[in-house]
Every structure is written in C-alpha cells, then in structure tokens.
Amino acid sequence: MAKCSYCSNSVSYKGGSTTNLSKHLKRKHIIQYESRKHPRINEMIEQNVDEPSKQNTPETNNDQNQPSTSINAINIINKSRPIQKSVDSYFINNKPLSVSTQKTIDEQLGVMISKEFQLFSLVENVEFKKCIYLLNPRYQLPSRKTVSKSILPQLYEKTREKVRNNLLNAKYISFTTDGWTSINNDSFIAVTVNFIDPEECVLKNIFTWMF
C-alpha cells in the first residue's frame with residue numbers, strides 16, 4: 001500500500017503499477033495532478049500563496065466553497081485542453097479538393113461503373129449521393145453525361161494504351177477463343193491473350209469479347 005502525500009489515504013499499487021495512484025489523483029486531487037502537466041498552474045498556486053491578499057478579490061471569490069487558487073487553476077486547465085472539432089467542421093474548414101484528387105476519384109468511379117456493370121444514372125441516385133456526401137462532402141459527383149462522354153472514354157484509352165505496351169513487351173503470346181449463342185440467337189466470340197510479363201515474371205491474360 002502507498003500513502004498519499006496530500007490526504008494520507010492508503011492506495012494499493014500491486015505489482016508496482018501506478019494506475020491506482022493516478023486514478024486517486026484525478027479523482028481527489030485534480031489540481032495537483034494537472035499541475036504536473038501544466039507548469040503555469042504551479043506558478044499560479046505559488047503566487048497566490050505568497051500574496052494571500054489577492055485571494056479575496058471579487059474576480060477570484062465567485063465560489064464560497066472553493067479557494068481562489070483552485071478556481072484559477074481549473075480555468076488554466078480548461079483553457080489548456082484542446083477543443084475537439086467535429087468531422088463536419090474538419091471538411092468545411094479545409095480547402096476544396098485538388099484537381100488531381102477529383103480526377104482520381106472520378107476515374108475510380110468510372111472503373112466501378114464499368115466493372116460492376118452499373119448504369120450511368122447511378123450518379124443521379126439520391127441515396128448514392130448521400131453516401132458519397134457522408135464519405136467526403138467536398139467531392140462533386142459528375143453528371144451522367146460526363147461519365148459517358150468523358151470519364152469512360154478517357155479510361156478506355158488509358159487501358160488500351162496499357163494493354164498495347166504489355167503486348168509489345170511480351171516475347172511470346174498465346175490465344176484462346178470461345179464462341180457461343182445466346183437464347184436470343186445472338187452470336188458471341190471471346191478472345192483471351194496469355195503472356196508472361198518480362199519485368200514482373202508473372203503470367204498475365206487479357207480478355208475481350210465481341211458479338
């Protein structure tokens with residue numbers, strides 16, 4: 001058991017842990033506890049002890065049951081503590097999205113629409129807009145026309161150029177094909193290109209289909 005120097009109460013400290021001692025200081029002696037972290041509180045306490053005549057002024061004697069030293073120390077503690085900001089204020093106070101960030105998110109939106117076979121009208125969906133706003137209020141969703149006429153064509157050209165460069169660097173290429181007819185009598189043919197990437201030394205394949 002440890003003995004508190006301020007109130008002489010016994011506090012358990014099993015295993016050498018100071019957790020109970022810290023909790024006791026926070027609960028019973030908050031001024032002394034905070035003064036260890038804020039040197040200004042110690043200065044305020046020492047100043048009031050050396051000059052007791054200033055303790056009974058109207059400004060520091062608002063609480064009859066609490067010494068002026070405690071009131072001043074608590075005020076210092078409250079002012080020194082950082083004010084936690086809400087998530088909304090963080091986004092509102094920050095600058096708008098940069099052009100590069102907006103373009104990156106637009107591109108990922110295009111990838112999602114193309115790979116997941118989503119409709120262009122997804123960007124006009126009310127609930128989808130709410131979801132995007134909650135994720136990042138600063139991001140402006142593009143219109144369906146922008147998605148179909150700008151974002152997806154740019155993404156297509158970028159992907160085609162990447163595929164072209166991969167095929168030019170490949171030393172050997174193999175093709176596999178498959179054909180089928182749908183219940184509507186529409187004929188389809190799929191072509192898959194397989195090759196080994198010389199830089200990454202991994203097997204890659206590119207798939208496309210037409211009808």
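**Group meeting: a pocket, a core and some salt bridges**

Let's start with the pocket. Helix H8 supplies the largest share of the lining of the largest pocket: eleven residues. Keep in mind that this is a predicted model.

How big is that pocket? Its volume is about 1100 Å³. Its lining has 24 residues. Lying nearest the centre are Ser114, Tyr156, Thr159, Val163 and Phe207. Which elements supply at least two lining residues each? Three do: helix H6, residues 99-115; helix H8, residues 144-169; and strand S5, residues 203-210. By class, the lining has twelve nonpolar residues, six polar and six charged.

Now step back to the whole chain. How many helices and strands does the chain have? Eight helices and five strands. In sequence order the pattern is β-β-α-α-α-α-α-α-α-α-β-β-β. The chain has 211 residues, and 24% of them count as buried. What about contacts along the sequence? Take those with a separation of 6 or more: 34% of them are between residues 24 or more positions apart.

Next, the core. In soluble globular proteins, nonpolar side chains tend to be buried together. Here the largest nonpolar core has twelve residues. They are Leu97, Leu109, Ile113, Leu122, Val123, Phe128, Ile132, Tyr139, Val147, Ile151, Leu152 and Leu155. H6, H7 and H8 each give two or more residues to this core. H8 gives the most, four residues.

Look at Leu109, one of the core residues. Leave aside its neighbours within four places in sequence. What is Leu109 in contact with? Val123, Phe128, Tyr139, Leu141 and Pro142. Of those, Val123, Phe128 and Tyr139 are on the core list too.

Move along to Gln140. It sits in the loop between H7 and H8. Is Gln140 buried or exposed? Exposed, because its relative accessibility is 55% and the cut-off for exposed is over 50%. Beyond its sequence neighbours within four places, Gln140 is in contact with Gln102 and Asp106. Gln140 also pairs up across the sequence with Pro96. The two are 44 residues apart in sequence, yet their C-alpha atoms are 10.0 Å apart in space.

On to charges. How many salt bridges does the count come to? Seven. I'll take three of them.

One joins Glu124 and Arg144, with N to O at 3.6 Å. This pair links distant parts of the chain. Glu124 is in the loop between H6 and H7, Arg144 is in helix H8, and 20 residues separate them. Glu124 is partly exposed, at 40% relative accessibility. Arg144 is partly exposed as well, at 40%.

Another joins Lys130 and Glu127. Their closest N and O atoms are 3.7 Å apart. Both residues lie in helix H7, three residues apart, which is about one turn of the helix. Which class does each partner fall in? Lys130 is partly exposed, with a relative accessible area of 46%. Glu127 has 52%. That puts Glu127 in the exposed class, because the cut-off is over 50%.

A further bridge joins Lys204 and Glu200, at 3.6 Å from N to O. Lys204 has 23% relative accessibility, so it counts as partly exposed; buried would need under 20%. Which residues make up the network here? Asp197, Glu200 and Lys204, joined by salt bridges that share partners.

Last topic: backbone angles. Two residues to check on screen.

Phe117 has a positive phi of about 55°, although it is not a glycine. It lies in the loop between H6 and helix H7, residues 126-135. Buried or exposed? Phe117 is exposed, at 73% relative accessible area.

Asn185 also has a positive phi, near 65°, and is likewise a residue other than glycine. Its place is the loop between strand S3, residues 173-181, and strand S4, residues 187-196. Asn185 counts as exposed, at 65% relative accessibility.

To wrap up: a pocket of about 1100 Å³, a nonpolar core of twelve residues, and seven salt bridges. Questions, please.

Conventions: Residues are numbered from 1 along each chain as its sequence is written. This is a predicted model: local features need pLDDT of at least 70, side-chain atom pairs count only at pLDDT 80 or more; totals for chains, interfaces and linings use all residues. Side-chain values use heavy atoms; hydrogens and water are left out. On a 1 Å grid over the protein atoms alone, a cavity is a set of points where a 1.4 Å probe fits but cannot get out, and a pocket is an open set with protein on both sides within 12 Å along at least five of seven lines; lining residues have an atom within 4 Å of a point. Grid points are joined across faces, edges and corners, and a volume is the space filled by probe spheres set on the points. Ala, Val, Leu, Ile, Met, Phe, Trp, Tyr, Cys and Pro count as nonpolar, Asp, Glu, Lys and Arg as charged, and the others, Gly among them, as polar. Buried means under 20% relative accessible area, exposed over 50%, partly exposed in between (1.4 Å probe, protein chains only). A nonpolar core is a set of buried Ala, Val, Leu, Ile, Met, Phe, Trp, Tyr and Cys residues joined through side-chain atoms within 4.5 Å. Contact means heavy atoms within 4.5 Å. A salt bridge is a side-chain nitrogen of Lys or Arg within 4 Å of a carboxyl oxygen of Asp or Glu.
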